[in-house]
Amino acid sequence: MRSWPVLFWLLTLALLADGGHRESQLRIGKAINIFLRYGYLSISMRVIPLNDNVEPERWVFKEPTRNIYRNLSGLEESHEDTTPGIFHGDFHMEFCENRRQLFQAYFRDFSIEHMDKPWEAFSGGWFPDNAAKKLGINTSFIQGDYSYVLVRVVRFRETGRLKAEIPEQQPLEPDVRYRMDQVEIGNITSAVRFMETVGTHYVNSYTTGNSLYQVFVYSRKNYSMIKERIKSKGLNGLSKLDLYNYFAPWFAAHLGRIRSASANATVERWANRKLQYEYYVVKYVTLLKLHGNSTLLRSLDALLGNDAILQLDLRSLKPLFRGEPEKESWYHEVLDNNMKLWELNMPQSLSSR
C-alpha cells in the first residue's frame, strides 16, 4: 500500500504528457486533481513565495484544470475591488503555539472538501530550510521549542464563487459523461482513472490579491504573556507603545522578514523602507507600523497587485454522480480512502510534527 501514491503520481504525469490539452486557469467550476501535487500544491498555486528570483512570467494558478460543466455563467458570481484611495483588505494576527499551528494559520482560508488538514496539501513537503525561507525566518527558529505570531496585511482584489449549488441536470462536457459511465462500482481502477482524467475536486470559490506578512518568534514564556495581555484587552485596547514593545527585538526571540505572498520584490523593498521603527539606537522593520495607519495602507494599496491566491475552496466531484446514488457512494469511498492514504504517505516533514 505504501507504494500506491508513487504509482498514482507516475500514472498522472504520464497522462498529462499524453494529453496536455487541459487548461491551467483559476475559474469557477473547473476541476483539478489534487493528487497530482498533493503536499506540494504551493508550487503550482501562488499562495506563498516560491523563490527569490524575478520570474519572467507572472502567474497565479498553474495547476492543470479542465471544464466539467457547460453553461455555468448563470451560477457564477464575481467582483473586483479597485476603488482608488480605499484599502480593500484587513490587518490581523494569529497566535500559534507551535510550527504546525503556524502552517495551519497561514493556510486557514484554504479548504479542500473531505480533508481535515487542508494546509498539509500545501505544506506537506516542507522541510526546515525551505519552510523557513518561505516564512521569512531563520531555520534555527523553526526547529526549536518556539511559539509564533503571524501578522498579516491582506489586500483583496478579485473574488469569484458559485452562488448556488450546481443543479443535477446541469449539462456536462461530453467527455466527462463518458468518463463517468466508465466508473464501475467495486472497481477501484475505474474510479482512479476517473480522478486522473477528470479530477477529484472543483473550484467552488476563490479570492485573489496579495498580502504582506511577518512572523514573530517567541519563547514559550513571552508568548503566553503577550497572548494573555491581548486576549484580556484586545488589540485595539493596547497602546502603540505596548504593541511596539511586545513585537520588538528585545521581547521577541526573532523578528522575521516582511514577505509578500507573491514574492513581489518591489513591495518587499517598499516595506523595508517605509516600515522601519526606531527606538533610541535600535532600528528594525515591523509590519505593525501599518496598524491604523491609513496613509501607509493607501500607499501599499497602490503597490499590491492581483498576484496571489488568498482564499480557495475546493469541493469534491461527488455531486457529478448524484443521479446514481450507489456510484456516488462508491466514488466518495475511493476518493476518501485515497486522501487518507496520501496523507499517511506524505514525507514526515515539519507540518506533521
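Predicted model: local features only at pLDDT ≥ 70, side-chain atom pairs only at ≥ 80, totals over all residues.
## Overall make-up

The protein has 353 residues, and 51% of them count as buried. Its secondary structure consists of twelve helices and eleven strands. The accessible surface amounts to about 16300 Å², and carbon and sulfur atoms account for 49% of that area.

## Nonpolar cores

The largest nonpolar core contains 69 residues. The members that touch the most others in this core are Ile34, Met45, Phe194, Leu312, Leu317 and Leu320. Another core, of 34 residues, lies apart from it, and includes Met93, Val151, Val153 and Ala252.

Leu317 shows which parts of the sequence meet around one of these residues. Neighbours within four places in sequence aside, Leu317 contacts Ala31 and Ile68, then Phe194, then Val198, Gly199, Thr200, His201 and Tyr202, and also Tyr331.

## Helices H7 and H12

Two of the contacts of Leu317, Phe194 and Tyr331, also take part in a helix pair. Helix H7 covers residues 188–197 and helix H12 covers residues 325–345. Their axes come within 10 Å and cross at roughly 75°. An angle from 65 to 115 degrees counts as roughly perpendicular, so H7 is roughly perpendicular to H12.

On the H7 side the residues that meet H12 are Ile188, Ala191, Val192, Phe194 and Met195. Their partners in H12 are Trp330, Tyr331, Val334 and Leu335.

## Helices H10 and H11

Helix H10 (residues 265–274) and helix H11 (residues 294–303) also have axes that come within 10 Å, with a crossing angle of roughly 165°. Angles over 145 degrees count as roughly antiparallel, and H10 and H11 are therefore roughly antiparallel to each other. Their crossing is right-handed.

H10 contributes Val267, Trp270 and Lys274 to the contact. H11 contributes Leu296, Ser299, Leu300 and Leu303.

## Val285 in strand S10

Strand S10 spans residues 282–285 and includes Val285. With residues up to four places away in sequence left out, Val285 touches Gln214, Leu255, Ile258, Ala271, Asn272, Leu275 and Gln276.

Asn272 is 13 residues from Val285 in sequence, and the C-alpha atoms of the two are 6.2 Å apart. Helix H10 runs over residues 265–274, and the residues touched by Val285 include Ala271 and Asn272.

How values were computed: Residues numbered from 1 in each chain as written. Heavy atoms only, no water. Core = buried A, V, L, I, M, F, W, Y, C linked by side-chain atoms within 4.5 Å. Buried < 20%, exposed > 50% of the residue type's maximum accessible area, 1.4 Å probe, protein only. Contact = heavy atoms within 4.5 Å. Helix = DSSP H or I, 4+ residues; strand = E, 2+ residues; numbered from the N terminus. Areas by Shrake-Rupley, 256 points an atom, 1.4 Å probe, with all protein chains shown as cover. Axes fitted to C-alpha atoms, helices over the stretch in contact; angles between N-to-C directions. Parallel < 35°, antiparallel > 145°, perpendicular 65-115°, else oblique. Left-handed = near helix turned anticlockwise from the far one by under 90°.
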